[in-house]
Amino acid sequence: MIKLLVVDNHPIIRKGLDLLFVTSPQIQVVGGVSNGEAIFDFLKSNSVDIIICEIDLPKLNGITALRRLKRDYPSVKVIMFSSQPEKIYALNTLKAGASGYLTKTSDIFTIKEAIMKVYDGGVYLSNEMAQQMALGRRVTRTGTHFKKLSTREIEVLKLLSSGKKNKEIAEELDINEKTVSTYKARLMKKLNVTNIVDLISRAKLLEL
């Protein structure tokens, strides 16, 4: 039996996935938590095989939680499950340690398929994204910009666009404020802007 933890700040998502697998002979939802920090509290006393995790989480965002999971619980596999655009986040979350990426428009069959594939040691992406990876390219209208950005830079840009200050970003990503400032400077240079207002506007344009 595959033990599944659902991480999402929307109760209806957690309940929906729980109901989806309630009669499954292969998959059991062993818990649901609403924020990134709660993942680690749950894992202290519960066994989990796979985590389905939203990116946009309170207290600790999904990508930062993913990094900690890969460091502290390397045997636990993570599938990111988000409404964020796959073309922007899928490859970056895989680089950070995820074993798969599902959009919230995925149907029941696709969700089950992803869980089984990841449990068996595979990596799950949509057919379109897998084909783009096989061809060694990312064909999107925002691809030119995102090829320039590292996973960490995308994290910082997303947190800046959500209104967080340097100190808050440093605490959430477990880095110092000077490093945050360095990332901001890199982002401005790479995205060809000169101030924080234009940087945040660019983040919104890129659908962050």
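Biologist: What is the mean pLDDT of the protein?

Modeller: The mean is 86, and 89% of the residues reach 70 or more; pLDDT is the predictor's confidence in each residue, from 0 to 100.

Biologist: And where does pLDDT stay under 50?

Modeller: Over residues 138-144, where the model has 14 contacts beyond four places in sequence. Contact means heavy atoms within 4.5 Å. Where pLDDT is low, the predicted coordinates should not be read in detail.

Biologist: OK, the sheet. What is the strand order?

Modeller: The order is S2-S1-S3-S4-S5, an open sheet of five strands with parallel pairing. Strands (E, at least two residues) and helices (H or I, at least four) are DSSP runs, numbered from the N terminus, and two strands pair if DSSP finds at least two bridges between them. Strand S2 (27-33) and strand S5 (100-103) are the edges, each pairing on one side only.

Biologist: Which residue in S3 is the bridge partner of Leu4?

Modeller: Ile50. S1 (residues 2-7) and S3 (residues 50-53) pair in the parallel sense over four bridges.

Biologist: Which strands does helix H3 touch?

Modeller: H3 (residues 62-72) packs on the sheet against S3 and S4 (77-82), and its direction makes about 175° with that of S4. Axes are lines fitted to C-alpha atoms, for helices over the stretch in contact, and angles run from 0 to 180 degrees between N-to-C directions.

Biologist: Different topic. At what angle do H8 and H10 pack?

Modeller: H8 (residues 151-161) and H10 (residues 177-190) pack at about 95°, with their axes 10 Å apart. So H8 is roughly perpendicular to H10, a label for angles of 65 to 115 degrees.

Biologist: Which residues meet there?

Modeller: Arg152, Glu153, Val156, Leu157 and Leu160 in H8 meet Tyr183, Lys184, Arg186, Leu187 and Lys190 in H10.

Biologist: Last one. Is Ile115 buried or exposed?

Modeller: Ile115, in helix H5 (residues 108-119), is buried, because its relative accessible area is 0% and buried means under 20% (1.4 Å probe, protein chains only). Beyond four places in sequence, Ile115 touches Ile2, Leu4, Phe21, Ile27, Ile50, Ile52 and Ile79.

Key. Residues numbered from 1 in each chain as written. Predicted model: local features only at pLDDT ≥ 70, side-chain atom pairs only at ≥ 80, totals over all residues. Heavy atoms only, no water. Parallel < 35°, antiparallel > 145°, perpendicular 65-115°, else oblique. Buried < 20%, exposed > 50% of the residue type's maximum accessible area, 1.4 Å probe, protein only.
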